[in-house]
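This report describes selected local features of one protein model.

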Amino acid sequence: MAASSGPAGVGGAGPSGFASDSGLEIKTRSVEQTLLPLVSQITTLINHKDNTKKSDKTLQAIQRVGQAVNLAVGRFVKVGEAIANENWDLKEEINIACIEAKQAGETIAALTDISSLNHPESDGQITIFTDKTGVIKAARLLLSSVTKVLLLADRVVIKQIITSRNKVLATMERLEKVNSFQEFVQIFSQFGNEMVEFAHLTGDRQNDLKDEKKKAKMAAARAVLEKCTMMLLTASKTCLRHPNCESAHKNKEGVFDRMKVALDKVIEIVTDCKPSGKTDISSVSIFTGIKEFKMNIEALLENLYFQSKENLSATLEVILERTEDFTDSAYTSHEHRERILELSTQARLELQQLLSVWIQSQSKKTKSIAEELELAVLKISHSLKELKKELHRTATQLTADLLKYHADHVVLKALKLTGVEGNLEGLAEYACKLSEQKEQLVEVCRLLRHISGTEPLEITCVHAEETFQVTGQQIISAAETLTLHPSSKIAKENLDVFCEAWESQIGDMSTLLREINDVFEGRRGEKYGYLSLPKPMKNNANLKSLKPDKPDSEEQAKIAKLGLKLGLLTSDVNCEIKKWEDQENEIVRNGRNMSSMAYSLYLFTRGEGPLKTSQDLIHQLEVFAEEGLKLASSVQVFLKQLKDDDKLMLLLEINKLIPLCHQLQTVTKTPLQNQVFLKVDKCITKTRSMMAILVQLLSLCYKLLKKLQMENNRWVSVTNKDSVDGKT
């Protein structure tokens with residue numbers, strides 16, 4: 001499931017279209033949309049001045065407002081009655097609320113009717129309706145009844161989701177016990193239909209949730225259900241084909257267990273209830289703790305008795321204890337560990353200083369003490385800010401290095417190979433390596449959770465951690481089954497499905513890392529100029545030939561795989577860009593532009609981001625190709641500063657990039673009639689090749705720039721020495 005907003009890889013409708021509108025949800029939304037103009041119109045009526053005389057024209061306008069309110073209420077009532085007719089248990093309550101709303105609307109229309117006024121005033125003007133109290137009463141009744149209908153409609157939606165979940169669970173129980181392949185096919189077909197219904201209901205619910213934290217939790221649960229549906233199919237088929245294989249049964253049970261947990265989570269979210277004794281995961285985040293601590297110490301400047309010193313000391317100790325997740329990690333470098341410990345010690349010392357000044361300020365209320373207190377608060381705030389920076393650097397660097405190291409999925413490929421060869425010794429070796437990789441990824445997910453910066457991203461980190469933990473074990477059991485039955489096609493297909501889920505989560509981690517960086521650097525939601533889609537030109541036959549229709553499932557899978565590699569390349573480019581001290585360097589700017597556009601193309605392959613149709617994609621690719629040519633020009637300018645030997649290496653890379661830019665421009669301008677997928681496939685492949693060259697170019701330019709700077713510094717140093725010697 002793809003993300004429509006916020007957390008990586010766990011949002012709304014993805015390429016498979018797991019979410020769409022259900023009938024009741026559309027009706028409920030319609031009720032809310034009807035309410036908005038009502039509120040505005042009623043406010044207009046009530047806020048008129050009592051004693052002001054109005055002209056005929058103004059009075060007629062007031063009458064039109066009253067009639068508009070009545071008409072809007074009529075539409076509202078129809079929607080409410082439709083919901084009532086489909087839900088007999090709530091029909092009476094909804095109908096009563098609808099009758100009240102109808103009466104209120106009619107009352108407002110009657111009280112604003114000009115014909116109800118008997119005579120004009122002597123000056124030719126007439127006073128607006130006299131019964132303002134009646135209008136206020138009617139408005140209150142109307143808003144009260146509307147609220148009742150909305151609450152009842154919400155209960156209906158929740159009930160539908162619970163009923164749908166129960167149907168899915170019942171069918172899952174039948175699937176667990178099935179013994180024949182024919183029976184499995186029949187039940188799985190029913191299960192598929194029920195999952196589609198459940199997906200529609202939960203997708204609409206997710207879109208309507210106002211709480212971003214709940215939305216992220218719902219997205220995570222739905223992502224599990226979507227991916228596990230395919231896993232359930234292949235794992236169950238493998239079990240039926242090899243009924244006596246213990247690893248096959250273990251593999252299947254793991255999928256069922258995870259789906260049941262995800263179904264329960266959905267119900268927790270929609271009913272807004274937590275299991276007893278369960279704590280909220282967001283309470284363990286270091287960044288959240290630092291944010292709350294800073295608010296508390298800053299509040300002391302306004303109120304000296306806001307906190308006790310024991311509370312402040314305890315709060316800081318909890319934060320610093322959590323940094324042990326970083327300092328105790330085997331993957332944290334010695335330099336990062338030392339810096340974190342140093343900053344933690346500094347924060348403790350500065351808190352003691354703050355407490356000392358704070359106690360003095362409670363007894364001596366002088367200006368100098370107040371300034372000293374403010375300075376102490378600023379000092380500890382600065383130390384905590386530096387600690388945040390160091391924790392962020394540690395976690396993001398670890399994650400980026402790990403994702404780059406595992407980008408080729410060597411261990412997964414080896415497991416597949418040992419499986420088809422029936423190599424049990426090789427299986428043991430590579431299963432051990434995958435377990436190590438899993439522990440590394442789980443560790444960085446925990447570190448990222450601490451520095452994610454927002455609750456939705458924290459939830460996404462927890463989801464990623466759980467996914468690696470569970471999927472890692474499932475890949476090993478699936479590989480064991482294939483090794484024991486090396487000629488089994490279904491066992492091979494099953495292992496492929498679990499490996500794809502792992503690769504997909506690795507891709508989601510790249511997205512998550514980028515979003516965490518964006519939040520930390522204050523760029524969240526930033527849209528660069530080059531990401532704005534150019535407006536379609538008139539009479540452009542090429543654009544007209546492109547249809548916004550979605551490709552079939554096989555094509556979607558291929559595009560998604562291409563996009564995953566593209567997403568990893570954008571991460572590599574960003575790592576190269578971060579090395580540059582001068583972030584405004586023209587080469588860096590061009591590279592950043594290309595990386596951001598490539599990232600939006602990657603999001604397109606997942607059904608997310610600003611690009612919604614194939615036309616949007618082609619527009620973006622045209623701009624991407626132009627940016628590639630600009631980069632080539634920037635590098636050529638840089639070339640002039642280099643020696644001939646160094647120039648040759650850069651020229652080779654530029655000579656690869658420029659033809660690709662021209663080829664991409666040609667592909668985007670070539671009409672392919674209905675072969676939209678073929679065009680998209682070619683474009684993304686070209687883009688990937690350009691991004692791979694971009695990584696090489698940025699790395700090479702950075703090294704040559706450093707070399708050039710060193711040579712220049714050496715020359716300046718020698719020149720200065722000669723100058724001094726000459727004077728002597």
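In this predicted model, H409 counts as buried because its relative accessibility is 11%, below the 20% cut-off for that class. H409 is located in the loop that runs between α12 and α13 (410-421). Most residues other than glycine have a negative phi.

S699 belongs to helix α22 (residues 676-727). The C-alpha atoms of S699 and K579 are 8.9 Å apart in space, while the two residues are separated by 120 residues in sequence.

| Residue | Relative accessibility | Class |
|---|---|---|
| H409 | 11% | buried |

The remaining feature is a helix pair. Helix α8 (residues 286-299) packs with helix α12 (residues 367-405) at an angle of about 170°, and their axes lie 11 Å apart. The angle therefore makes α8 roughly antiparallel to α12, since angles over 145 degrees fall in that category. On the α8 side, the contact is formed by I286, F287, I290, F293, K294, I297 and E298. Helix α12 contributes V377, I380, S381, L384, K388, L391 and H392. Sorted by class, the contact of α8 with α12 comprises nine nonpolar, two polar and three charged residues.

Key: Residues are numbered from 1 along each chain as its sequence is written. This is a predicted model: local features need pLDDT of at least 70, side-chain atom pairs count only at pLDDT 80 or more; totals for chains, interfaces and linings use all residues. Side-chain values use heavy atoms; hydrogens and water are left out. Axes are lines fitted to C-alpha atoms, for helices over the stretch in contact, and angles run from 0 to 180 degrees between N-to-C directions. Helices (H or I, at least four residues) and strands (E, at least two) are DSSP runs, numbered from the N terminus. Angles under 35 degrees count as roughly parallel, over 145 as roughly antiparallel, 65 to 115 as roughly perpendicular and the rest as oblique. Contact means heavy atoms within 4.5 Å. Ala, Val, Leu, Ile, Met, Phe, Trp, Tyr, Cys and Pro count as nonpolar, Asp, Glu, Lys and Arg as charged, and the others, Gly among them, as polar. Buried means under 20% relative accessible area, exposed over 50%, partly exposed in between (1.4 Å probe, protein chains only).
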